[in-house]
Every structure is written in C-alpha cells, then in structure tokens.
Amino acid sequence: MNLTIALFGIAREIVGKSSLDLTVPAGQSAAGLLADLRLQYPALAGLRSLAVAVNNEYAAEDVALHERDEIALIPPVSGG
Amino acid sequence: MSDFSAAERQRYRRHLQLAEIGEAGQQRLRQARVLVIGAGGLGCPILQYLAAAGVGTLGLADADQVELTNLPRQILYGPADVGQLKVEAAARALRRLNDLVTYELHAVRVSPANVRELVAAYDVVVDGSDNFPTRYLLNDACVSLGRPLVSGAIYKFEGQVSVFNYQGGPTYRCLFPEPPSAAEAPDCNTTGVLNVLPGLIGTVQATEALKVVLGLGDVLSGRLWILDTLSFQSRTLRFRRDPVQSLLNLDSANPADYFDASCAPALPLATAISASDLQALLAAAEPPLLLDVRGRLEYQRRHLPGALLLPLPELAARAAEVPRTRPVVVYCQSGVRSAKAVELLQRDFGFANLQTLSGGLEEYPGF
C-alpha cells in the first residue's frame, strides 16, 4: 500500500523534504514503518523521541496503518 | 467581590463585557500568579499579552542580556537595551504597558537547584525556554508541584504548543518520553528562525495561559498544536496520558535529562581535571595516559612521568596516535594549549575520552 508521510522539525531536515511517499506491505505497523524509515535514513535512528501521528492521533507502536491514513513524524522542537 | 477602580473598569472594559470573563474573570486574572520562563522570542509576546490582560503577578525568569541579534523577534527590546538584563529591560517595557501588574524578576537560569522554589511560588508556568534540558526540568517540576505547564517551542518556520499536566492530563514526557541527545538538538541559538514565528506561537501560549487561569473553554491539554508557516498547515495531534511517563518528576527522573552538552561552552567544565584529582588517578590501578602538548624543548626540560609528547601544532596531523579507548589527560604549562588540544580533538576527531589538566603544570605540585 502507498503511504504519504508528513515530516516536521529535524525529521524534515534529515529526509530533505516536507513529505515522503512510500510503498509498504499491507498492514504495516507504526513501529514497522519507523524501522523501515530508520534503515533508509540512518540519521532518523539518532532521534530518541519521534512521535508518529496517524490521523492526528499519537500512534502506539502496534497500530496498523492503512492506505489514505494521514501519517506524520513529529520530533520535539526546543527553540524559544 | 471586586474593587476595580474606575480606571481599571475602563481599561479592562472589553473583557468585562464578555459574559465568559466579566468581573469575576477579571478578578481571577488579577489574583493570578503566572511564571514565564524565558524572556526571548516566545517570552516577549507572552509577557506582553499577559501583562496587558491584567494578570496580577507576572514572574520573569531569564539570566541573559539583550543582544542585537534578538531585536527582530524579541519585540519588548530596542537598541538601547542591548547589554542589559532581559528581565530588567522587559519589566521596563511592561510597566509602560501596564503598571497595575506586579513584576517579579528572576535574573537566573532555571536549574535543578532553584526550579522547585521558583515554580512553587506561581499558579501557572509558561515555557518559552530555548533548550530541551530546561523543558524537561520544567515539566518534571510542574508534575512534582502540581502546576499546569503551557508549553510552546519553535524551529525555523514551525511551532508547537500544548498544555501539559493540566488537571491530571498528560505531560511533556507522555508525548516525547526521551530527551533528545545533544547531537539531535541543533537549535541552541544557532538555527535561524522566521522573526514573526515566536509572535504567532507565543500569543497562542498566552491564549492558553488565560484560558487556564479563567477556566475557560477547552484547554489544549492532551493535544499538541503544530503550525507550519511555510505550507500554512496546522494540525492538532491528540495524545494520552502514559501511565509510566506521566509520573516522572523531579525526584524520579534521571537528573542527566537536565543537562545538555551541546549548548554548553566549547569546553565543558566536566572535561577539566584538577592537579589533585589527577594525582589520585595516577596512583589508582588503571591510570590515564598523559599527553603533553607543549613544545619539544619544554618537554625535554621536564615532563610528567610516562607522558606522551605531541606538540599542539602537530596534533591535527598526528591525532591517530592518541588512544581512544583509554582515558587521556592532556596537559601543558598553564592549561591554555591543553584546552585547545582537547577542543580540537573533540570537535574535529570525535574524541570522547579526554580531560585537560586545569592550571597546567604551573599548578601541579612539584613543578
């Protein structure tokens, strides 16, 4: 299935764009998606806190993803 | 019972006219004690609106002085304030705006040593700080002391706002359990930022702070509001209280979360060692390697027993000769060259096993 992932903060810097189109196996979990992305973009693996949002809801690791889900990677930011 | 003067009634009329605020609400604002951490990009608009709203007591906490680079976004300050303490310059501007407010100035950096006393003295904390260690420290203090934390943060063109620890709601750690490492925190004053961004985010924080004080509407608790000004998209992420993370407080969290190597000076104090500590290490079972970075003649004249000689000018070319797995103490005559050597090896070669002898041989007994 095809997913579009919106990227924020430092995740956007690491991937180099504000959204990413990916094809993943059907039923892929949020944790599985993150693991795939960390292989593809090793710098993402360096982020200790990186929230995955699915349909504007903080996603637990085992949440199964569906095509047309609205997915976002949200790291904390610290500027003031 | 309120005792607003005629001038106050006139000043706050637009609030008094709102049924949702009215005299009782304006009275709550006047009785409120709100602490604003950071008088920078976020702090300025937060303070400006909370002062103008008639919050009775505003605490300002910031140890910094106004710099020229602050002026485009830190809108309480002008060129004449450069070099002055931010809390003092801010209070001057705020008194012009509303002298009915009591301003309490804390020209300190919030730290584990003072956070409890600071937070305990206020009803609501608004976080406009510029680094992760302070954000985790404030979160944990607010959990320990039961205070709501109106949090806002910015990065380049993006901002985030949420209210943590509000009436049993989730905390910062429920959303972001682990403090980012030094390597992933690029924004200790070094990253650019669109000047109007802290204005947008800070006024949203001020809005939420007023709602918390007034008990008005649905406070942004359990939700993270994200604004991306470039795409002009905003989203609100819902999140829940985590049974473990939400309990972490000043007593139970890891104190290392409150320190950040990346924002420390180039050579943090932790990498310096005193002569007496070095003597103790040298007497222990596994002594560190000694690295002398003075010149050859100085070395020939006298050096510490067993020291390896690598003169500072040759260090970059011969960095491979410095061991990485064993602790190394770098020394010179007075501590200046060894500090440069450690900085060079850490910054350009990624060494993490180095200490510099503070004061150099001049402070070493017998030299």
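## A tour of chains B and A

Begin by selecting chain B, where 41% of the 367 residues count as buried; keep in mind throughout that this is a predicted model. Its C-alpha atoms fill a box of roughly 85 × 50 × 40 Å when taken along the principal axes, and the chain holds twelve helices and 13 strands. Among the contacts of chain B with a separation of 6 or more, 68% are accounted for by residues 24 or more positions apart.

Next, select residues 43–53 of chain B, which form helix H4. Is this helix enclosed or open, judged by how many of its residues are buried? Nine of its eleven residues are buried, so H4(B) is largely enclosed by the rest of the structure.

Then step past the end of the helix to Gly54(B), which follows H4(B) and has a positive phi, near 95°.

Move on to residues 284–365 of chain B, for which UniProt, in an unreviewed entry, lists "domain: Rhodanese". The end C-alpha atoms of this span lie 18 Å apart, and the span is 24% helix and 17% strand.

Now turn to chain A and select strand S1, residues 2–7, together with strand S2, residues 19–23; the two pair in the antiparallel sense over five bridges. Within this pairing, Ile5(A) stands opposite Leu20(A) of S2(A).

Finally, display both chains and look at where they meet: how many residues does each chain bring to the contact? Chain A gives 20 residues and chain B gives 36 residues. On the side of chain A that touches chain B, at least two residues each are supplied by helix H1 (9–15), strand S3 (51–54), strand S4 (57–58) and strand S5 (71–74). Coloured by class, that side of chain A shows ten nonpolar, eight polar and two charged residues.

Note on methods
Residues numbered from 1 in each chain as written. Chains lettered and ligands numbered in written order. Predicted model: local features only at pLDDT ≥ 70, side-chain atom pairs only at ≥ 80, totals over all residues. Contact = placed C-beta atoms within 7 Å. Helix = DSSP H or I, 4+ residues; strand = E, 2+ residues; numbered from the N terminus. Nonpolar A, V, L, I, M, F, W, Y, C, P; charged D, E, K, R; others polar. Pairing = 2+ DSSP bridges. Buried ≥ 20, exposed ≤ 12 C-beta atoms within 10 Å, placed from the backbone. UniProt positions renumbered as here; feature names shortened; annotations may be inferred.
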